[in-house]
Amino acid sequence: MSEESGMDAAAGLPSADQVGQRVSIRSHDPEGGFRDLLGYLVSPTQVRKKDGQIITFDPSQIALWKVVPDNPLPTGIYLYDTKSRQDQEVVISDGRELRLYSCGPTVYRDAHVGNLRTFLLADLIARLVRGNGFKVHGIQNITDVGHMNEDLDEESFATQSEDKILTQAKLENKDPFALARSYEAKFHDDLSRLGIKSADIFPRASESIELMLRLIQQLIDSDNAYVGSDGSVYFAANTFAGYGALSGNKLDELVPGHRYEYKGHGAKRFHADWALWKAAGSRSEMVWDSPWGKGFPGWHIECSAMSLHYLKGHVDIHIGGIDLRFPHHENERAQSNSASMNEVTDLWVHGEHLLFEGRKMSKSAGNVVLLEDIVQRGFDPLALRLTFLENRYRSQMDLSWDQIAAADSTLSRWRKKYQEWSADESHNDQQAVAQLLETINKSLRTDLDTTRALVQLRAIEKDLSISPKSKAEIFSAIDEFLGLDLTRPPAAIELSAEVQELIERRKVARANKDFALSDALRDQLLEFKVTVKDGPTGMSWEVIP
Ligand SMILES: [Zn+2]
């Protein structure tokens, strides 16, 4: 331990006053020597280590101990926190890297553009934090088991609850794992086409069973969970006093049997309790052994187990769609906080709903739009990204084909202009560039106001007092935040052999100063919608759209 040397002993023993503080404790080892423990004090005899594990120590064996404060790093970035209902500064709690968790896809179908808008949110926040000079470590889970169907009506739900993956695997006549892997691969394709890098690690639920079993056992040990008469393990909602802080759904106001929850047919002690582990019953696929018998994990426990494990017991920013606020995030918070006896997440960020041409996207309405549909229509996938940026993440957005088309042409224009500006001989004004960049950065730091940032970018595009070279530098720098690939040269247009030959012949004609032939060839090219321009560096051409 780095604190070994020069450890100043604190007076007395750890006390209740010091709960919540980071401490380093050196105890006598019964087998000789010393044992060191570093973590957060959760009681005068317990420490929560950075992996979330709670260790009980014997105060009478303490040789030395001291408080080792973290150095939280404020970022100057503000985001709206769902829990406190106000903008809150993003703080890197361990002083090293921002710990970001975002809820990932349930891989039983293609992600539609509404899901992609939420996944983009994690990427935008990560880019903003990085762009302001900090490090980010992001986790996004892949739910490939345990997410139960909510689309059933009240009555059928009461008798049967199906795992989304298993239902779809039956429909497609596939192995459930093979099905999950194929949709997971498509999810990663979508992310890469949209320039989204939402996480560093994408753990799968089916491969995190051990983590979940350990956490469930910990919750049983702390009396926050119990084994029901049906062999499932339930979280006892009323053991968590802060329930409802995110969504406003207080326990005493929740109607028994609300449709989102798996019903244990009377095995729950209280209607608002939820399953952490579900007994397999007659289910034979995607089941695992557990101390409580064969079964499978609940959906909510997945995110608690993964965030506590991979982010070492604390989440600086937790991201998800607004539909996950309740019950998913409310339940996750109850589990995580109960297990670690601490407020695990500092900031809850939720992205709003997306409508398509005025209506909620749904399979039954037949208006589900995928990224593939946008590409099929000949649009750049990043045109979708730009339409999302035009609308701030926290406002409900109504997407339309017209907006995508407009964004597509804006992107082409900006890319073309960038090439022109950067080739320009003008010099850039460093001070002006820095000032303008700061103006846009400030909009983004103010609860990710991408709408405003784009208005500012358009003003810069049009401003004649800013030199072309400065504009190129601004567009290139701000693209690190926006991810629109603005410095990419416009796609080279395939010319037919005939047109290529005409161009070559005209170059020769000009070199020979045969202006009559050169003009004739220019007119012929125009019939192919190709215009030529003669400049100081030679002839250039352009296809008329
Ligand atoms: Zn989640």
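Author: Start with Val-227, which stands opposite Val-233 in β11. This is a predicted model. Strand β11 covers residues 233-235. Its partner here is β10, and the two pair in the antiparallel sense over three bridges. Strands of a sheet pair through backbone hydrogen bonds, either parallel or antiparallel.

Now widen the view. β10 and β11 belong to an open sheet of four strands. The order is β10-β11-β12-β13, with antiparallel pairing. Two strands form the edges: β10 (225-227) and β13 (295-297). Each of these edge strands pairs on one side only. From one strand to the next, the twist averages 20°.

Next, compare another set of strands. Look at β14, which spans residues 315-321. Seven of its seven residues are buried, so β14 is largely enclosed by the rest of the structure. A residue counts as buried if 20 or more other C-beta atoms lie within 10 Å of its own.

β14 has parallel pairings. One is with strand β8 (residues 97-102), over three bridges. Find Leu-100 there: its bridge partner in β14 is Ile-317. Another is with strand β15 (residues 345-351), over six bridges. Ile-317 turns up again, standing opposite Leu-347 in β15. Follow the chain from β14 to β15 and you pass through helix α7 (residues 325-340). This β-α-β crossover is right-handed.

Last, step back to the whole chain. There are 15 helices and 20 strands in it. Its C-alpha trace spans about 100 × 65 × 40 Å along the principal axes. The chain has 545 residues, and 39% of them count as buried. Consider the contacts with a separation of 6 or more: 69% of them join residues 24 or more positions apart.

The chain is divided into domain 1 (16-67), domain 2 (74-351), domain 3 (356-482) and domain 4 (497-543). Between domain 3 and domain 4, the C-alpha centres lie 35 Å apart.

How values were computed: Residues numbered from 1 in each chain as written. Predicted model: local features only at pLDDT ≥ 70, side-chain atom pairs only at ≥ 80, totals over all residues. Buried ≥ 20, exposed ≤ 12 C-beta atoms within 10 Å, placed from the backbone. Contact = placed C-beta atoms within 7 Å. Domains from an automatic or database assignment. Pairing = 2+ DSSP bridges. Right-handed = clockwise from strand over helix to strand, strands pointing away. Axes fitted to C-alpha atoms, helices over the stretch in contact; angles between N-to-C directions.
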